[in-house]
Amino acid sequence: MSAFQKTEAIRSWGRVQNGPHWAAAPHWRDEIPALLGEQAPARAAVLATGLGRSYGDSGLNVGGRALAMTRLNRLIAFDPATGLLRSEAGLSLADLIAFCVPRGFYPPVVPGTSYVTLGGMVANDVHGKNHHAAGTIGRWVTAIDLARSDGSQLRLTPTQHADLFSATIGGLGLTGVMTEIEIRLRPIQSANMEVEDIPFANVEAFFDLARESEGSWEYTVAWIDCVSAGRKLGRGIFTRARHAADGPLEAGPAGARLSMPIDLPRWAFNSASIGLFNEVYWRRKAQRRGTRRQKLTKILFPLDSISRWNRMYGSGGMYQYQCVVPPDSASDAVRALLAQASAAGEGSFLAVLKTFGGVASPGLLSFPMEGATLALDFPNRGERTLALMERMDRVVAEAGGRLYPAKDGRMSSAMFKSGYPNWRRFAAHVDPAFSSGFWRRVMA
Amino acid sequence: MTSNVTARTALILGATSAIAEAVARLFAAEGMRLLLVGRNAGRLQAIASDLTVRGAAAVETEAQDLMTQAEIHPLFDRLAAKLGGRVDYVLICHGYLGDQALAARDQAEADRILAANFSSAALWTLAAAGHLRRQGYGSLVVLGSVAGDRGRRANFVYGAAKAGIATLCEGVAHDFAAGGPKAVVIKIGPTDTPMTAGFDKRGPLWSKPEQVAAVIRRAADGSRPVVYAPGFWRWIMMVIRAIPAPIFNKMSI
């Protein structure tokens, strides 16, 4: 009997892409070589999967094999003197945080949700709100154990198999299965953060605030109103935060307190309701100025308190559009992108703007580069939405920017190749037995 | 972290089962000293490293096939001696779900299901009970199943073995009732573990090993001789046991 079982349709986080897989859920590292070698069913391509938070098709392998990695969540070693932690690749970030906060440590880089695996974080070379200070997670990875379909098991480090190491960081799981990962955690003195919200009037003011904050605030991010037209376009709330110097070291309760029980109907999501949300959010935040103290999980993972929030966008699902544009063109490009979204009447609840610092990303396919990153959610309205994103692609390409594969389910092959000039070097490291919906699409 | 000498101890038999591992993580977080017994040395080591990092005062492993031991009592005493002779918790977790359809026609499969879930589990339970009685304290936790509460065509060989081990454990608990040590059988509902790989696990009745482990951890310090995990299975099984045979026979559950 094959260890792989046919599943129902598996949906990615954006819920537009989905389909059945042949899935196996190994509980032991020693099972992986045999699973990779299994010829049934029909030598289908394989992809290791985690907690399914990628928005598009980079975490899907419809019709192929999926290795569900979340049961491989054992810790292997931790040295409190150096902060080095080695664990199996399926460890969730939420588990890691629950482990390390009481011990006075924190992951050096976290994405916007704690419901991701360590393997997923490395495969997407994730960034956080502290990118200007810490760079991407890949900079903190000291070793990766990689199982390949030829039966080899390699330990990759920045100096050992260095090419494959840099292909695997941000490599979207295409270079093999990461079985173990070692990262360097950072010390913290408190589970609290000092936080400040500052309203700003336009995109220029955002960049001024970002420049002014980066020296003394480790975490910065902005919510931006992408619905309002004209003078209000680009207004937003700039949030900056830093670890508190003292306070309790308790991770706080894990898990969601609320859940989105149903798919919201499509009519609930229109330009009026989004406009209203943006207006109310702006007014509420703009009133609350000054510094406050908050649990770091609340600052860094605001949406984790609502499980399955993606259902807010209805049964049709959503797209997230996240791009980065280089510093010289950043201001103009961001304004042009916001204008496109606003003109199309396709504003989103969650529009996020952040600057990336100059720290180089270590992966051949890493998304972050110096400049500004803008992320917008669009409910899936079919052709209309796709056409808008194509218009936005032209702005991004012109500016010399690129799109984030973890969020993408629709960029063209040309858009991918222009954004990731290292793609040929990367492709040479792809394990021939591995693929994903994303990879088949952009290589087509 | 508690020091090695004063830390409480647990002996976990069948330690590579997913539920045993989840309970062991709770023990480790309390800084306990643990001895893990199972067949596969490499897998025991993977768990031991994890438990050590998570805060266990010490973790030892012993690779033994629990099914093929002729002299269980002296082996149990030797394992207890590895914990310094002091055993606060014993968990008996080894088991084998098997294939009901195959067991119906193949003696070896039926024998394996009965031996793993009843004979072997029972002999280890008796050895552990003897040790705890001599020791005068300690908590004996035996993993049973809701499948033991009523025979169903889908898995009655496994169910019969689990019914047997539950009755045996209840007897031990009765024997312990005078004071000192205690015993509890945990009747576990369907759980998403490697044992149930290949089942369709959608639906509200499937539990995660972590949920079941939390119930087991509480039950180990509780006073009830029979505990359902999760607790709602107590009520479901009460209903299922009460269904008259003519109706039950028409149900495909």
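In chain A, strand β2 (residues 18-24) and strand β4 (residues 65-68) run parallel and are paired over 3 bridges. Here two strands count as paired if DSSP finds at least two bridges between them. Helices (H or I, at least four residues) and strands (E, at least two) are DSSP runs, numbered from the N terminus. Within this pair, Trp22(A) lies opposite Arg65(A) of β4(A).

This is a predicted model, in which local features need pLDDT of at least 70 and side-chain atom pairs count only at pLDDT 80 or more, while totals for chains, interfaces and linings use all residues. Residues are numbered from 1 along each chain as its sequence is written, chains are lettered from A and ligands numbered from 1 in the order in which they are written, and side-chain values use heavy atoms, with hydrogens and water left out.

**The sheet of 4 strands**

Strands β2 and β4 belong to an open sheet of 4 strands in chain A, with the order β1-β2-β4-β3 and mixed pairing. Its edge strands are β1 (5-11) and β3 (46-49) of chain A, each of which pairs on one side only. Strands of a sheet pair through backbone hydrogen bonds, either parallel or antiparallel.

**The sheet of 8 strands**

Another open sheet of chain A has 8 strands in the order β16-β12-β14-β13-β19-β20-β18-β21, with antiparallel pairing. At its edges stand β16 (290-295) and β21 (402-403) of chain A; each has a single partner strand, so one side of each is left without a neighbour in the sheet. Strand β13 (residues 219-224) of chain A is joined to strand β14 (residues 236-243) of chain A by 6 bridges, and the two run antiparallel. Tyr219(A) has Ala241(A) in β14(A) as its bridge partner.

Contact means heavy atoms within 4.5 Å. Axes are lines fitted to C-alpha atoms, for helices over the stretch in contact, and angles run from 0 to 180 degrees between N-to-C directions.

| Helix of chain A | Strands of chain A | Angle |
|---|---|---|
| α9 (residues 327-343) | lies across β13, β18, β19 and β20 | about 15° to β20(A) |
| α10 (residues 383-398) | touches β18, β20 and β21 | about 5° with β18(A) |

**The whole chain**

The secondary structure of chain A comprises 13 helices and 21 strands. Its radius of gyration (taken over C-alpha atoms) is 21 Å, close to the 22 Å that the globule rule gives for 444 residues, so chain A is as compact as a globular protein of that length. The globule rule is 2.2 Å times the number of residues to the power 0.38. Of the 444 residues in chain A, 58% are buried, that is, under 20% relative accessible area (1.4 Å probe, protein chains only).

How values were computed. Buried < 20%, exposed > 50% of the residue type's maximum accessible area, 1.4 Å probe, protein only.
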